[in-house]
Amino acid sequence: MGTVKPEVAVGCPRVLLRFLVALAGTVALLAVLAGTVGQAAAAAPSQEDETCLACHGTPGLSLTLPGGESVSVSVDSALLRQSVHGSALACATCHPDHTRYPHPPLIARTLRDYRVERSEVCKTCHSQQADEFAGSVHGRALVMGFPDVPTCTSCHGAHDVMRASSPAFRNNTPQLCGSCHGNPEIMARYGLRPVYEAYTREFHGVTTALYKLTKSYSPTPAAICYDCHGVHDIKDTEDPAAPVARRNILTTCRRCHPTAGRFFASAWTEHKTPGPDASPLVWYVQIFYRVLIPAVLGFLAVLTVLDLSRWAGDRLKGGRA
Amino acid sequence: MRRRHTGRAVQRFTLAQRIEHFLLIITFNVLAFTGLPQKYFFTGWAERIIRLMGGIETTRLIHRTFAVLLILQSLYHIGAVLAARRAGRERGAMSITFRDVRDVLLDVAYLAGLRREKPAFGRYDYRQKFEYWAVVWGTAIMAITGLIMWFPEFLARFFPGVLVPAARVAHGGEAILAVAAVIVWHFYNAHFRPEIFPMDPAMFTGQVEVERLRREHAEEYARLVEAGIVAPPEAEDVPEVETAPGPGASPPPPP
């Protein structure tokens with residue numbers, strides 16, 4: 001191909017070039033048109049969904065569960081259409097037994113039960129993620145019946161599911177994990193310490209927050225929760241197989257810092273606020289500056305005030321004389 | 001030596017020293033402007049500055065570029081001082097001695113009204129020496145901790161990784177100390193002192209009036225008089241003005 005092109009260009013340049021340009025233009029135009037039409041088709045809900053949305057599109061609809069909790073059954077059709085499932089799934093894909101009206105009664109007694117039950121639906125397509133999750137620290141705790149453990153919708157939402165590979169989802173991940181892992185009450189129930197706040201002050205956390213200011217995605221992003229802890233297969237940090245376990249952590253660091261030296265792992269302060277027991281060197285440096293800064297500035301300020309007052313005193317005396 | 005000034009003045013800083021100072025103003029301010037928002041990332045003003053500079057990546061690029069400039073400048077300074085020492089042009093006027101401790105105490109006593117006379121300072125008084133060594137100390141700390149944060153992977157080949165978060169704390173603390181000291185100390189001594197307000201021009205003109213030298217650096221004045229560079233006080237009406245060499249200039253010809 002490469003050898004043909006120059007030959008053609010030499011032989012009959014004008015006509016052929018024009019033809020090629022016209023051809024390319026037509027193709028591009030068709031592609032744009034097709035895209036617009038396709039998008040329009042995706043944006044409009046199907047006939048069946050229209051039927052559901054005729055009721056569920058009304059804001060403020062709710063259902064009282066047997067346990068007494070109230071659950072909203074209104075669906076924002078705009079959010080639904082924008083979601084990653086918007087153009088791929090119909091209402092009945094996830095709510096197959098609700099195609100008839102009146103709908104069959106709910107089995108779940110509580111909101112929590114309802115959400116756990118709903119996550120079974122996700123498994124139909126996302127079986128690999130579901131398997132990973134089942135073996136994770138979250139998945140095992142879920143089976144044990146702990147009330148705070150996340151299910152699919154806790155992180156991904158229900159009708160507003162966002163593409164997990166999108167920059168927005170990535171950027172929001174620390175806050176998402178932090179909604180539990182930054183809550184001391186929830187963490188205390190499981191003998192865990194809240195780590196979110198410490199993360200937001202670490203280099204990775206600060207950089208992630210600052211990247212978001214101007215860019216939705218950076219080619220060199222700073223680590224967020226799942227980069228080190230894993231996604232659906234998150235393990236207990238004490239688990240020797242965890243990517244953040246003491247034996248594995250350097251390998252995990254090197255996924256982003258391939259040239260990291262062998263002592264690199266201790267650069268990470270374990271989401272702890274430095275203190276006598278956590279990265280004491282960092283703590284000593286903090287104390288050093290907490291003493292040095294006011295001491296130096298105080299000394300300089302005293303000298304400045306003395307200098308000014310001597311000048312003022314001399315002037316007053318000079319004025320009287 | 002050429003006369004640059006019609007008044008009775010002596011040269012205090014060489015052109016090279018003044019250029020160094022001017023460059024330091026630029027690097028220091030750019031580094032503070034691009035660095036402080038990174039320390040105070042959680043504030044609204046920090047966000048606005050980072051946005052203004054096109055994002056954190058650009059902010060860090062600017063910060064590191066000027067950091068390299070400052071490091072190069074510091075290396076030049078060390079070289080210049082060593083060269084001046086070898087050539088015998090450097091008299092160690094900046095070195096801190098026991099006399100400076102005494103000068104501080106005597107000056108405090110004078111300022112507090114306990115003594116009538118201001119101590120006779122040498123070429124540089126304790127305030128200027130303090131500033132100079134604060135810049136040396138500060139630049140050394142900032143350069144070392146900054147390079148640690150810039151190349152943590154390399155550092156961790158030889159040293160414990162915990163130096164990286166420690167360097168981050170030191171870099172921030174030293175930055176606050178430097179900026180605050182410049183505001184409290186340098187701005188006062190070089191700008192807001194009533195005798196010199198709005199600014200001490202010596203670092204830009206390179207010259208200082210003989211009269212001011214006599215008042216503020218009495219010992220240096222006496223030395224210049226003795227060396228014949230400055231006319232003795234009795235002959236003040238003599239219009240002849242000569243400039244005294246700075247540490248970077250050639251020694252004066254014998255009288």
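Is A:His271 buried or exposed, and how many other C-beta atoms lie within 10 Å? A:His271 is buried, with 20 other C-beta atoms within 10 Å. The legends below start from this residue and then move on through a predicted model.

**View 1. Two residues with positive phi sit in one loop of chain A: A:His271 and A:Ser279.**
A:His271 belongs to the loop between helix 15 (249–256) and helix 16 of chain A. Its phi is near 55°, a positive value in a residue other than glycine. A:Ser279 is also found between helix 15 and helix 16 of chain A, and its phi is positive too, at about 45°, although it is not a glycine. With 24 C-beta neighbours inside 10 Å, A:Ser279 counts as buried. For background, most residues other than glycine have a negative phi, and most peptide bonds are trans.

To find A:Pro102, look in the loop between helix 5 (91–94) and helix 6 (111–123) of chain A. B:Pro198 lies in the loop between helix 7 and helix 8 (202–205) of chain B.

**View 2. The largest nonpolar core draws on chain A and chain B.**
This core has 18 residues, and those with the most contacts inside it are A:Phe264, A:Ala267, B:Leu163, B:Val164, B:Ala166 and B:Ala167. Helix 16 (280–320) of chain A and helix 7 (163–192) of chain B are the elements that give two or more residues to it. Helix 7 of chain B supplies the largest share, 6 residues. In soluble globular proteins, nonpolar side chains tend to be buried together. Now take a closer look at A:Phe264. Leaving aside its neighbours within four places in sequence, A:Phe264 is in contact with A:Leu250, A:Cys253 and A:His257 in its own chain, and with B:Pro152, B:Glu153, B:Ala156 and B:Gly161 in chain B.

**View 3. Chain A meets chain B through 39 residues of chain A and 38 of chain B.**
On the side of chain A that touches chain B, the elements giving two or more residues are helix 13 (203–214) and helix 16 of chain A. Helix 16 of chain A gives the most, with 17 residues. By class, this side of chain A has 23 nonpolar, 12 polar and 4 charged residues. For orientation, chain A as a whole contains 16 helices and 2 strands, and 16% of its 321 residues count as buried.

**View 4. Helix 5 (residues 126–150) and helix 7 of chain B cross at roughly 155°.**
The axes of these two helices come within 9 Å. The angle makes helix 5 of chain B roughly antiparallel to helix 7 of chain B, and their crossing is left-handed. Residues that make the contact include B:Ala134, B:Gly138 and B:Ile141 of helix 5 of chain B, and B:Ala167, B:His171 and B:Trp185 of helix 7 of chain B. The residues of this contact divide into 12 nonpolar, 6 polar and 4 charged.

**View 5. Helix 1 (residues 15–39) of chain B also passes helix 7 of chain B, with axes that come within 11 Å.**
Here the axes cross at roughly 130°, and the two helices are therefore oblique to each other. The crossing is left-handed. B:Ala32, B:Gly35, B:Leu36 and B:Lys39 in helix 1 of chain B meet B:Gly172, B:Ala175 and B:Val179 in helix 7 of chain B. This contact has 4 nonpolar, 2 polar and 1 charged residues.

**View 6. Helix 3 (residues 56–86) of chain B crosses helix 5 of chain B at roughly 135°.**
Their axes come within 11 Å, and the angle makes helix 3 of chain B oblique to helix 5 of chain B. Helix 3 of chain B passes helix 5 of chain B in a left-handed crossing. From helix 3 of chain B, the contact uses B:Arg64, B:Ala67, B:Leu70, B:Ile71 and B:Ser74, while helix 5 of chain B brings B:Thr139, B:Ala143, B:Gly146 and B:Trp150. By class, the contact has 5 nonpolar, 3 polar and 1 charged residues.

How values were computed: Residues numbered from 1 in each chain as written. Chains lettered and ligands numbered in written order. Predicted model: local features only at pLDDT ≥ 70, side-chain atom pairs only at ≥ 80, totals over all residues. Core = buried A, V, L, I, M, F, W, Y, C linked by C-beta atoms within 7 Å. Buried ≥ 20, exposed ≤ 12 C-beta atoms within 10 Å, placed from the backbone. Helix = DSSP H or I, 4+ residues; strand = E, 2+ residues; numbered from the N terminus. Contact = placed C-beta atoms within 7 Å. Axes fitted to C-alpha atoms, helices over the stretch in contact; angles between N-to-C directions. Parallel < 35°, antiparallel > 145°, perpendicular 65-115°, else oblique. Left-handed = near helix turned anticlockwise from the far one by under 90°. Nonpolar A, V, L, I, M, F, W, Y, C, P; charged D, E, K, R; others polar.
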